[in-house]
Structure formats: structure tokens, C-alpha cells
Amino acid sequence: MDTEDYDRLQKAGKRHLWMHFSRHGAYDDDHDIPVITKGDGMHIWDAKGRKYLDGLAGLFVVQVGHGREELAQAAAKQAAELPFFPIWTFAHPNAIMLAERIASYTPGDLNRVFFTTGGGEAVETAWKAAKQYFKLTGKPLKTKVISRQVAYHGTPHGALSITGIPALKQMFEPLVPSTVHVPNTNFYRAPEHGDDLEAFGRWAADRIEDAILAEGPDTVAAVFLEPVQNAGGCFPPPPGYFQRVREICDRHDVLLVSDEVICAFGRLGEMFGATKFGYQPDMITCAKGLTSGYSPLGAMIASDRVMEPFLEGHNSFAHGYTFGGHPVSTAVAMANLDIFEREDLNGHVRRNEGAFRGTLEKLLDLDIVGDVRGDGFFYGIELVKDKATKETFDEEESEKLLRGFLTKALFDNGLYCRADDRGDPVIQLSPPLIADQSHFDEMEQILRGVLTDAQSLL
């Protein structure tokens, strides 16, 4: 891109584009908007022709890597044949075939697929479905949701209410009432449990039962949990945690929703995280990796039990989205899942997840690195001020470290990833599922250099 075109883009972007989750005051005459123009495989390029390793799969999305022509061709072919038709009362072949295919991957009897255009919409759909389910089955007071502290579940008002990050919610209050938050599974910040991970898992699960009892079991509709919690830096479940949660939900007739917007479709080496950790949800919410981001699509997947009352008489779920189950997006999803199966991407993740973890754990020799945690190709690196005491950074220090230095320094050194302080400060890594040891090594080397420089700022 020549200088004139680049300058025109910058001027137009700064004047007209309202970017998501962005501090627009940071972009002035001396600070350009990063503009990404191309992707191929594991890499992206910006408008100045600089190349970067995509360590975040866009936003936990591009599972099969960038530049897959067959996905673009699937979109073009479908757009030429049937560019749009809603699935309000009507259907089209792609929506039907994709729903059947997704159901073939799910654990247990999750056989009904309600399409959305993204993850937040899927979460919103699950909560509404849970509330109506209990109204239809004679328990109309069961409307409340329990979720975990620091967990992110989306930006629509309902999904944001379920989200457990106060700083993201305050400017939009009042939100939807009837949400309760319980402790997450951050074992690194649970010193009272010593080295007993299973005991910690039982304790964390039992806090869900405490919340149900405190609210009244006849008022709680659902528990929303991610297989590996994203915000806060990739908290895996302790052994037995989800099994105990399932028992608690069954005991109090509460639906268990597995929010897999990030964790589904290979991120953990399985089509669904519930399969990875051996538990049976009543609903799954998903999006992102379903199309590898080549077209927008999400879904709420419900069990036969949840669907049953909606099949009776004149009952209807009066809910939907214009572009949910879009013909082009569902065609792309089918082609994307073809790649998953043909190239055994889940198997690739399982075969390489140990190497990914081991490579990142080399960074534990740095004083600033307190913990490396996650699963599959989904990891967080927690940064600390004092490694011995696990002392974290205060708000001002975190601002200086993450936004004042790390975000730009990592990008300038050729790595696109995420520095996040919605909980304690972390760097998150979630590369495309085609990543191999050479990419793990490149990530580690860039991180090592930048984090070593960051230590000098403390």
C-alpha cells in the first residue's frame, strides 16, 4: 500500500470508524490505527507490509488458519445460489445439514441447534430458552442465573448481566436482574487449599450449591460455565469439578449451560470442551471456531429434554435473529468442518498440546511470570510483581505494564496476542490449530525478549 492510500485510510478510520473495546483517544496524529490487510496460514500482515505471527487466532476464532481458499469458494458458491433466506418458519438445506452435523458431535442428547450470528447472541438465547422452559414445565419462578466471578459471557444486556466482570458492566447499568456470581477455578490464587487441586474443585463447585440454596432452588434456572474460563487468564477445571456441578444441578433441577464460544471446535482438542472434561450439559453455546471466522455464525444447542415442551401444541420460542443460520455462513461452516475432519485438527491439538505447554512453561524462569495455565491451544501467562508472594500489580502499574508497554512491544516484535487485566494481568495465547513447534518457539522467544524488557520497568 502506498503512502497516499495509507494516509487516506488512517484519516478515514480516525474520523468515521467506531472500533470495539477501543480507546479512541489514543489515536492522534502521532499514533496510527493498526490496519491488518492480509492473512495466510499462521501469519497476518499490516497495511505497511509488516508480518506478524497470529498468536490469538484473530480472537480465539481462526482455527484452520488464514487464507483457506476453499472456505472463500464455499461462501461464493452459496451466495450465487441463495444469498439469504431466514429460518423463521422456513429452512434451507445448509441450516438443516449443519444442525444435523453439529448434533453428531455433541455429548449425549444435545440434538437441537438454534443458530445465531455470534457468541453473545447464543448466550442470550440460552438464558431465554431456560426461562421459557421452566415456565412451560410449571416452574415459572425459575429465572435466575449463576455464573463465575471474572467470567466473560458477552455484551448483550442479558449476556453482560451473566458476565462476572464489574468494570465491564458499570457503565451500562441497570442490567438484567437475577444474576449471581460464585468463585472461579483460579487455583493459583487459592493458597488455602495447598496442593490439593481436587479439594479446591469440590470447594468451588459447592459454592454453586450454596448460591442456589441462598437464592432458593425454585428461583434458579441455569448455571453458565466455560469449560476453561477465558477472562482472568485461562482457568482449567479441577478434576471432578464439573461432575460435582452436574450433581448439584440435577439435585436442584437447574440447567447446566456450557459456554463454549471459545472452547468448542478444537480449541481444547475436541469438538466440545464438555467432551474433553467428561460432563453432560443441558445446553451448549458456541460460535467463533464453527466457521473459523470466515463468516459470522453461532449456535445454542439444547438437549431433547429442554426442547420437549417447545414441541407441544401451539408452543413457540418467540426469539430469533435475521441472520441466524445464514445460508452463506452455514455453507462456510460445513466446509470448515470438512477441513477439521480431513486434517484431523483435533488430533493435531491433542498431539501437540503438551509441547505448547512445555514451551510456554520455559518462561517461568522469568521473575515477572507467576503462572502458566490453560489447556489445548488456549493458555494464559499471569504476570506478577513478586514471584515469591504472588503479589500482583495495582491498577496504575497494570496500566503502565500492559497498555503502556506490553501490547505495543509484543506487536512491534512480530507477535499478535492479548495483554489483559480483566482479572490479574495476563498475556493470552490461542493460536490457530495448525500451529506447530516452530510457532511455539517463535512465540516463546518473542515473549521472552519483551517480558525481560518489561522487568526493567518494575
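Start by selecting Ser292, which sits in the loop between β9 and β10. This model is predicted. Ser292 has a positive phi of about 55 degrees, yet this residue is not a glycine.

Is Ser292 buried or exposed? Ser292 is buried, at a relative accessible area of 1%.

Next, select Lys288. Lys288 is in the loop that runs between β9 (283-286) and β10 (298-303). Here too phi is positive, about 30 degrees, and Lys288 is not a glycine.

Now move to Glu173 and Pro174. Show the backbone. The peptide bond from Glu173 to Pro174 is cis, and its omega is near 5 degrees. Most peptide bonds are trans. Pro174 belongs to the loop between α7 (166-169) and β6 (179-182).

Last stop: two helices. Select α3 (residues 69-81) and α12 (residues 327-343). Their axes come within 8 Å and cross at roughly 150 degrees. How do the two run relative to each other, parallel or antiparallel? Angles over 145 degrees count as roughly antiparallel, so α3 and α12 are roughly antiparallel to each other. Their crossing is right-handed.

Show side chains where the helices meet. On α3, pick Glu70, Leu71, Ala74, Ala75, Gln78 and Ala79. On α12, their partners are Pro327, Val328, Ala331, Val332, Ala335, Asn336, Ile339 and Arg342. Colour this contact by class: ten residues are nonpolar, two are polar and two are charged.

Definitions and conventions: Residues numbered from 1 in each chain as written. Predicted model: local features only at pLDDT ≥ 70, side-chain atom pairs only at ≥ 80, totals over all residues. Heavy atoms only, no water. Helix = DSSP H or I, 4+ residues; strand = E, 2+ residues; numbered from the N terminus. Buried < 20%, exposed > 50% of the residue type's maximum accessible area, 1.4 Å probe, protein only. Axes fitted to C-alpha atoms, helices over the stretch in contact; angles between N-to-C directions. Parallel < 35°, antiparallel > 145°, perpendicular 65-115°, else oblique. Left-handed = near helix turned anticlockwise from the far one by under 90°. Contact = heavy atoms within 4.5 Å. Nonpolar A, V, L, I, M, F, W, Y, C, P; charged D, E, K, R; others polar.
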